Amino acid sequence: QVQLVESGGGLVQAGDSLRLSCAASAGAFSSNAMGWFRQVPGKEREFVAAIRWSGLRTYYAAYYADSVKGRFTISGDNAENTVYLQMNSLKPEDTAVYYCAADTDYCSGVGCYQSNEYDYWGQGTQVTVSS
């Protein structure tokens, strides 16, 4: 069974940086996209960023929510099924549980923003940004 494990969350101050990591700890699968979502209590899970690879496992595209553009950067290794989220200039409103997800199909454009596109999910890592 596929398991995704996130790490790197924590408590930081506004303006600080954090780097989240996600890797598959069990199970074999081939992902074509991996993404990050976040959720705060009482709200729906929201898209943060996604990275899509080509059929040759090379980088194809990255997608970002407007709220994180210019501050967050997603990267990863398709062959290793790993994904990272570099978060700079953090704000209190970035406080949430961050989840990584993997898509075994080819998401396209707006589809990569949809949580129901993704097949596997991690348990989440808490990010808290104090003001």
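Q: Which residue takes a positive phi in the hairpin of β4 and β5?
A: That's G42, with a phi near 85°. The hairpin has six residues between its two strands. Keep in mind that this is a predicted model, where local features need pLDDT of at least 70 and side-chain atom pairs count only at 80 or more, while totals for chains, interfaces and linings use all residues. Residues are numbered from 1 along each chain as its sequence is written, and side-chain values use heavy atoms, leaving out hydrogens and water.

Q: What makes β4 and β5 a pair?
A: Pairing takes at least two DSSP bridges between the strands. β4 and β5 (residues 46-53) are joined by six, so they qualify. They run antiparallel, and M34 stands opposite I51 in β5.

Q: Why is β4 called largely enclosed?
A: Because six of the seven residues in β4 (residues 33-39) are buried. Buried means under 20% relative accessible area, with exposed being over 50% and partly exposed in between (1.4 Å probe, protein chains only).

Q: Is D94 called buried or exposed, and where does it lie?
A: D94 has a relative accessible area of 1%, which is under the 20% cut-off, so it's called buried. D94 sits in the loop between β8 (82-87) and β9.

Q: What is D94 in contact with?
A: Leaving aside neighbours within four places in sequence, D94 is in contact (heavy atoms within 4.5 Å) with R38, R71, F72, S89, V127 and V129. Its side chain also reaches the backbone nitrogen of K91 at 2.8 Å.

Q: How many helices and strands does the protein have?
A: Zero helices and 11 strands. Both are DSSP runs numbered from the N terminus: helices are H or I with at least four residues, strands are E with at least two.

Q: How do you know that the size agrees with a compact globule?
A: With 131 residues, such a globule would have a radius of gyration near 14 Å, and the protein has 14 Å, so the two agree. That radius is taken over C-alpha atoms, and the globule rule is 2.2 Å times the number of residues to the power 0.38. Along the principal axes, the C-alpha atoms fill a box of roughly 40 × 30 × 25 Å.

Q: What share of the 131 residues is buried?
A: Buried residues make up 43%.

Definitions and conventions
A polar contact is a pair of N or O atoms within 3.5 Å; within protein, one must be able to donate a hydrogen and the other to accept it, and residues adjacent in sequence count only if both atoms are side-chain atoms.
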